[in-house]
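Let's go through this protein together, one question at a time. Keep the 3D view open while you read.

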Amino acid sequence: MDLYEEVVTYNASVGMAAGNGTTASSGEVAIGLAMEKALEEMIYYPAHSSRIFMDALLVGVTLACFFAFAWLFFKRIFEDYEVRNVAGQALFSLVFALSCNMFELIIFEILDILDRNSRWWNWKIDLYVMMALLIVIIPFYMAYLFLSNYTQYESQTMALSTMLYGLLDCEGGCGGGDGDDNRA
């Protein structure tokens with residue numbers, strides 16, 4: 001039973017329970033019409049799928065261009081220094097490209113360029129990838145680089161960086177406290 005059938009069934013049962021012979025009140029009809037309109041927008045249209053594909057292609061190409069620009073920009077800035085860490089450069093480029101892509105999506109929202117659903121999905125993907133990078137991947141990688149200078153084996157570095165990241169992550173509160181969360 002899909003959402004539309006549930007709304008229609010609910011409306012009919014409420015009208016019959018009232019005993020007045022009507023199938024729904026005006027508020028329930030409005031809900032039913034809103035649900036019907038929402039379901040019509042979700043119906044699969046072949047032309048709509050090609051539009052979503054073109055939107056994804058546009059966003060993917062611009063994201064690749066932003067990444068390439070950030071990669072070249074990073075190389076240019078640090079060409080005189082001893083920064084030769086490819087993974088660090090890739091992380092910087094990815095964060096920069098995602099930031100530019102989010103700004104691009106704001107502009108697309110204002111100008112109504114992409115499909116609304118495409119913009120929403122791209123925004124969600126950008127946010128989740130950005131959060132994963134900034135909260136998990138970059139701090140863990142920084143701990144790994146820091147500890148790689150002080151340990152002899154890569155397995156030791158990985159284990160110690162995992163423990164260090166776990167300690168730093170739980171410093172803000174991993175639970176298990178005294179329950180006094182009302183600090184002044």
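**A buried glutamine and its surroundings**

Q: Is Q89 buried or exposed?
A: Buried means under 20% relative accessible area, exposed over 50%, and partly exposed in between, using a 1.4 Å probe and protein chains only. Q89 has a relative accessibility of 8%, so this residue counts as buried.

Before going on: this is a predicted model, where local features need pLDDT of at least 70, side-chain atom pairs count only at pLDDT 80 or more, and totals for chains, interfaces and linings use all residues. Residues are numbered from 1 along each chain as its sequence is written, and side-chain values use heavy atoms, with hydrogens and water left out.

Q: Which residues does Q89 contact, leaving aside neighbours within four places in sequence?
A: Contact means heavy atoms within 4.5 Å. Q89 itself lies in helix α4 (helices are DSSP runs of H or I, at least four residues, numbered from the N terminus). With those neighbours set aside, its partners are W71, F74 and K75.

Q: Is L58 buried or partly exposed?
A: Look for L58 in helix α3, residues 46–77. Its relative accessible area is 36%, so L58 is partly exposed.

Q: How far apart in space are L58 and L114, C-alpha to C-alpha?
A: L58 touches both F108 and L114, not counting residues up to four places away in sequence. Along the sequence, L58 and L114 are 56 residues apart. In space, their C-alpha to C-alpha distance is 9.1 Å.

Technical notes: Helix = DSSP H or I, 4+ residues; strand = E, 2+ residues; numbered from the N terminus.
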